[in-house]
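Here are my notes on the model. Please read them with the structure open.

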Amino acid sequence: MSLKKNNLTEFFSTLPKNIFSGFVVSLIALPLGLGLAMASDAPPIAGIIAAVVGGIMVSILGGSHVTISGPGNGLVGVLLVAISTLGLESAYVAIVFSGVFLMLLGFFRMGTLADFFPSSAIQGMLAAIGLIILGKQFHIMLAHKIKREDTIDYLLEIPYTINDAIHYGNKGLIFAALAGVISLAIMLFYSKIRNKYLQLIPAPMWIVLLSIGFSYYFEMWLHEPNPISQKYMISGIPTIQTIIADIPIPNFSGIWSFSFFGSVLALTLISSIESLLSIKAVDKLDPERRRSNVNRDLKALGLATVGSGLLGGLNVVTVIARSSVNVNNGASNRSANFFHAVFLVLFIVLFSTQLTRIPLPALMAILVYTGYKLAAPTVITKIFSIGKEQLVIFFVTLIVTLKIGLITGIIAGVLATLIIHIVINKSVGLFLRNVLKPNVLMFKEEGAQNNFYVSVKHFCSFLNYYKLKEQLDAVPEDQDVIVDFSMCEFVDHTVMENMHSYQELFKKRGGHFDVVGLDMHDTDSEHPFALRRMLPVPKMIKKSLTRRQTNIEVLSEDYNYNYSPKKQKEISFLDDFLFFNTKHINHIYNELSHKDESARLFDIEFSEGEFIAKEVVRSTMLHIQLDKAIPEFTLDREGFLEKLSGFAGYKDIPIQDHEDFSNRFHLLGHNEAYIKRFFNDDLTHFFESNPYYHVESNGSSLLIFGKERIASLKEIKALFDYGKRLKDVII
Amino acid sequence: MSLKPFKSIGIGVAYSPNLKANLFEAARLSVFFGAKLFLIHVGEASEEKINVLRVILHDFNKDKLDSEVIFKNGEPVEAILSASEEKKIDLLILGAVKREQLFKYYVGSIARKITRQAKCSILLLIKPSVERIPCEHIVVNGLKDPRTEQTIKAAFYMANKLKVQKITIVEEINEEQIDVKVNDDKSLRRATIAKERISLRENSRIKEIIEHIPEAYIENKKIKLQPIFGKKGYSIGHYAQISRADLLVMNAPSKMTFWDRLFPHDIEHILTELPTDVLILQ
């Protein structure tokens, strides 16, 4: 009860902030809504209807917290095709259908759908959408309306349009083109100008305000008609009464055609992908670190789309740009989305006549900028830095999308990725044999740390990433997770990128997320997201460091240690430790050492047994050089050492007056009297009160390690700390 | 203790390079369990073949190994199965095949058929060796199944005979048992609590089974319970591989239909990807 009340008071105390945030978002949503609808060849008001219906429905029924819903960029391309082939009336029916499918996706818990697409292919698709928007609207921005069959033709004609625009003679066209160019300049330079009063109003709203002001200036002061050609003014913003009167009656007559269902499919696919990607990205921005209920949001979006389609609006999706503005303006719950819709209604009710004073080129400049952002050269350079193969996937998707269509484009991207993976691994079998296997194992490791250990086998790519995701999503973000890829022969870029976003998420919410076991894998580029393939013969010099290695490197700088990732064969300092009596040390690597070499931590690869019984083990160990002589001993938890045949012939040394210590630890050594003297109260207390490690002395130095696997970064820090304190106790 | 110790052990003999290693493993086990060893060869009987076997097993004479060679004609699967039924063999040892270059083992087609059809327990060896490699860690399943108690008991029996110090009982829990689907923070919290409750329940179930095992078998053993939420039959193999177990002990599958082979589950997963030596108890 009190919890409910608390929620309610909190809701009301944050209400002003949410209302303000909703207001700011509506300032962007208004011009964007108009523009996106016009870019899709729909009446401009359709975009506003989508934003209003979406804002109200999703804020009431949705499962996310600070997202904004409305018409999306990604859908422009699909809607354009749908409206031009089906006609506006049937297109609305298609929108309603896609809403129903979206709801079904929610009910069938298909929130993972977006994970089945390789991220480079999605990037390629988004870039193609960007180019579609940019290509078409660029001409309108320069007051040069043209109609072409192919999207590529629009792009190719951009230079001619620029040339034409420079040589305009008509005053109306010159002003129209000027409005476009100035608006584009506002969009481009707005973020560069850091003025707090200027920044109060978002750039798209500046464009709206300036152009309305310009129109009034001519009318009121100069008593002249607006010099911008009437052809390039926004047409027909209906009043609220006409909107209600003009609600289209759904016409189901033309729905049994192939192109209709193609459109429905494309609308559903793109709107779900755009929404899912946006929700995922917004969750990372949420200051209160909440987890969105993706499936519930899909249902709400679907229902909103149905409503919007019936009222004559476009598809409703979750939009990233408006959501991020929402977060930045202090929104804390869904009410901001609701108020954004309310303000939009107010704008239409109060200012519908003023809105017709906006020149079309100004509005289209906003879209040209959005399109450019989706397909910017930086996107391509970023993908290239990850790997050449990603660029191939990117361009295959991009070109096929532009040439044929979105659905074909994304399918081509998936196929290209698959083929590239097969070529890189030189094996079809790896994928065929293992794709259906439940290759992810997660369990809680015993011990005080209680971390989750996740082991992945065979391969991990976009094909089976959802299995890994399912496991990882079941872990609260304030816990510790270790993902081990050492049994995984191939990890692709999509997975690496997702691992990185998990890492960020866990870091923000107080947990730890470590990826281990990739040190044996090779990459083509130095980018941390590059795909990784296990090498049959490990190379001596590798091209790039893994994330764990770069993290260790950072750690070494923080602590002022030397770090060397190279494999070292010079390991004589480990020879006289009993532990290695029956083991063969292959090499040590990732060495982290103190300046004077008194302490060094390293990953080690050693093998037990020979030939067919050979087992290769990798672990992380700490070696501490001591200034004074101490007895030789080996200490581990009770019940662990007996099995090691290397210790045969030694027996447990009891320490007097330390019942607990003797019960829990197994202490071995030759010189019993010396060891008994050495294990004084301080030292025994130290061992009793700290976590278990295997501690071994060879007379002049200590060897300390935890588990027989590579340690995570957090475990490395813990190990270092333990070693340091142990050294202090001994000296 | 209601254990059915293995009284007779059978092994299929093919004159291959692995013969000596296979025979040594089988003979060693027979000595450990005090069982009679049956060497089943599919093919014509000949004095020469028997001689070869006799020479190899010569080392075990001092251990008073009781062995018998059986020659059978016909199709290998049929022959081995019928021989093991005739001689009332209760443990059949089969060798696994290593996939080229990769360190992956799987069960060949003949061994697989035998495993599916045999009415006795099966031991699948991935790397037989002439020298004894001490077995240090046994992983055993703790499925909620009437046979599990017997299986766990047998695992402890094996551990005692092979002087194994560490036993891990893995309780594979079907994820569908958690009735909460993780959607947001609230459902995640509920799912985590549900998981914890199921883990506790499973652990207490296993503890009860362990209580029924005589003290002598439990003494000096490190027993670990590990609940895992995952696919039945597959997660335990994966776990055995990670924890570097030397022997995996499992229940025999209850029944095997055509669909089970098409959509592999339980034991079939283990057969395509042997993580370690596997003992399937009937």
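1. What share of the contacts in chain B with a separation of 6 or more comes from residues 24 or more positions apart? The share is 78%. Two residues are in contact if their C-beta atoms, placed from the backbone, lie within 7 Å.

2. Some ground rules. This is a predicted model, in which local features need pLDDT of at least 70, side-chain atom pairs count only at pLDDT 80 or more, and totals for chains, interfaces and linings use all residues. Residues are numbered from 1 along each chain as its sequence is written, while chains are lettered from A and ligands numbered from 1 in the order in which they are written.

3. Confidence in chain A. pLDDT is the predictor's confidence in each residue, from 0 to 100. Its mean over chain A is 81, and 91% of the residues reach 70 or more. Two stretches of chain A stay under 50. Residues 610–614 do so, with seven contacts beyond four places in sequence.

4. Chain B has 10 helices and 12 strands. These are DSSP runs numbered from the N terminus: helices (H or I) of at least four residues, strands (E) of at least two. Of its 282 residues, 40% are buried, meaning that 20 or more other C-beta atoms lie within 10 Å of their own.

5. The sheet. In chain B, 10 strands form an open sheet with mixed pairing, ordered E3-E2-E1-E4-E7-E12-E11-E8-E9-E10. Strands pair if DSSP finds at least two bridges between them. The edges are E3 (67–72) and E10, each pairing on one side only. From one strand to the next, the twist averages 20 degrees. E11 (247–251) and E12 (277–281) of chain B run parallel, joined by five bridges. Met250(B) has Ile280(B) as its bridge partner in E12(B).

6. The core. The largest nonpolar core has 261 residues. It is a set of buried Ala, Val, Leu, Ile, Met, Phe, Trp, Tyr and Cys residues joined through C-beta atoms within 7 Å. Among those with the most contacts inside this core are Leu344(A) and Ile138(B). Ile138(B) touches, among others, Ala155(B), Met158(B) and Val249(B).

7. The interface. In all, 27 residues of chain B are in contact with 26 residues of chain A. On the chain B side, helix H6 (185–211), strand E10 (222–229) and helix H8 (235–242) each supply at least two residues.

How values were computed
Buried ≥ 20, exposed ≤ 12 C-beta atoms within 10 Å, placed from the backbone. Axes fitted to C-alpha atoms, helices over the stretch in contact; angles between N-to-C directions.
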